[in-house]
Amino acid sequence: MGMNETPSANRIHIGIFGRRNAGKSSIINGITGQDLAIVSDIKGTTTDPVGKAMELLPLGPVVVIDTPGLDDEGELGEKRVEKAYQILNKTDLAVLIADGTDFPKKEEWDQLEQPMLAQFAARNIPYVIAVNKSEELSPQKKEQIFSFLEKEEKKLFVSAKSGQNIHALKECIAQLAPLAETEKRLVGDLLQPNDIAVLVVPIDSAAPKGRLILPQQQVIRDCLEAGVTAVVTRESELSETLRSLSKKPKLVITDSQAFEKVSKDTPPDIYLTSFSILFSRYKGDLKQQVLGAKALCQLKDQDTVLISEGCTHHRQCEDIGTVKMPRWIREFTGKDIRFAFTSGTQFPKDLSKYALVVHCGGCTLNEREMKYRLRCAKEAGIPMTNYGTAIAQMHGILDRSLAIFKDTDSGLGQ
Ligand code: SF4
């Protein structure tokens, strides 16, 4: 990803759903036509449907996800349908496409389309129904379909072939887009203009050659937008950096893995937190994840902890989830803990067998998916935390890492 592209996790995710013959791909190609520049393919895990990062005018940067047909059959087909349902976890708005020339009868609709619509409603996903192949439909047929869809608020006839109403579909999508860009800040609301924030960034094998990883770029950008001076250093130079600054920095933000050393080197009158905790507040639920970290103290022998990662390549996380986190948790609790692991789009529906979920920072997941996972845990009554918050707890510096949120009354709720 280039430095100037909107990170995919921050783009509005548009899921395109429908049966195999409904014309999903041709509609996507239709809206991709003139106003849409394809920036790149975002490869999910091997079995994930592919999302395309695009500029969709008049909406802006989006990811369009083509999903498997709802009527796919056979054992593999069923797995693919399941994938389509999983995509809902990250869908910000949806387009349901139906083939107008072979419009489903009520029983068929109730079997495939209606359950999907029910999911949209249950998850608060705004949607539009696009009835494709309108060029082949008689006025009577159109009327029949429209009266069938009477209760649906947003619906329109489109033709991927002739281009009819494709522009209207794009406008409709733009109207549905949740007034997305909220005023949420990563760090800017915690600081004042002209404050100094020191960012501690380890340059090790996990760091991509020649550049900073995405969370670091985003924090720097947010500091700059807030008029905050961002000073970037490695953990080995932190003491010297702090000594050389003539004005005391307000906040030190570190990579979680360097917490222990950074905490020692940062004087107590300077706030300290981690990138991971900032992101937990930004697109998760910091309060829930802090409670989850505290639950580490209640683990018992034979408890199973689920370690869940948002992607399967872990370039930035290497062996934290698989090796370090289990070791740290065993050492911290002194208990014989068992571990289970998931990665990518897999996230178990049934969490009841776990005593705790420890999630990665989820840098590749959008806010909706992260919140969905947190909600699953909350509803199952299972504590859930993330790497950074758990590491702070295990190093005994969680309270220190949260002080800036408490003092500025941001992010920890009541
Ligand atoms: S934080 Fe999660 S999603 Fe991001 S690179 Fe690490 S494992 Fe992947």
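**Figure 1. Lysine charges over phenylalanine rings in a predicted model.** The charged end of K155 sits over the ring of F146, 5.3 Å from its centre. K142 lies over the face of F157, at 5.5 Å from that ring centre. A charge sits over a ring if NZ of Lys or CZ of Arg is within 6 Å of the ring centre and within 35 degrees of the ring normal. This is a predicted model: local features need pLDDT of at least 70, side-chain atom pairs count only at pLDDT 80 or more, and totals for chains, interfaces and linings use all residues. Residues are numbered from 1 along each chain as its sequence is written, and side-chain values use heavy atoms, with hydrogens and water left out.

**Figure 2. Aromatic pairs.** Rings of Phe, Tyr and Trp (its six-membered ring) pair if their centres lie within 6.5 Å; planes under 30 degrees apart count as stacked, over 60 as edge-to-face and the rest as tilted. The count comes to seven aromatic pairs. In one of them, the rings of W109 and F148 have centres 5.5 Å apart and planes at 90 degrees, so this pair is edge-to-face. The pair links distant parts of the chain: W109 is in helix α3 (residues 106-111) and F148 in helix α5 (residues 139-148), 39 residues apart. Helices (H or I, at least four residues) and strands (E, at least two) are DSSP runs, numbered from the N terminus. W109 is buried, at 3% relative accessible area. F148 is partly exposed, at 33%. Buried means under 20% relative accessible area, exposed over 50%, partly exposed in between (1.4 Å probe, protein chains only). Ring pairs also join F17, F120 and Y127 into a cluster.

**Figure 3. Nonpolar cores.** A nonpolar core is a set of buried Ala, Val, Leu, Ile, Met, Phe, Trp, Tyr and Cys residues joined through side-chain atoms within 4.5 Å. The largest has 58 residues; V187, V219, V305, M325 and I329 touch the most other members. Domain 2 (188-278) and domain 3 (285-394) each supply at least three residues to this core. The domain bounds come from an automatic or database domain assignment. Leaving aside neighbours within four places in sequence, M325 is in contact (heavy atoms within 4.5 Å) with I307, I320, V358, Y387, I391 and M394.

**Figure 4. Helix α13 and its cover.** Helix α13 (residues 367-380) has 14 residues. From first C-alpha to last it reaches 20 Å, close to the 20 Å expected at 1.5 Å a residue. The expected span is 1.5 Å times one less than the number of residues. E369, M370, Y372, R373, L374, C376 and A377 are buried in α13. Their cover includes α10 (275-283), α11 (286-294), β12 (304-309), β14 (356-359) and β15 (384-386). Just after α13, G381 takes a positive phi of about 70 degrees.

Figure 5. Most residues other than glycine have a negative phi. N194 is not a glycine, yet has a positive phi of about 75 degrees. N194 is placed in the loop between α6 (166-176) and β8 (196-200). With 54% relative accessibility, N194 counts as exposed. Q302, also a residue other than glycine, has a positive phi near 75 degrees. Q302 lies in the loop between α11 and β12. Q302 is partly exposed, with a relative accessible area of 41%.
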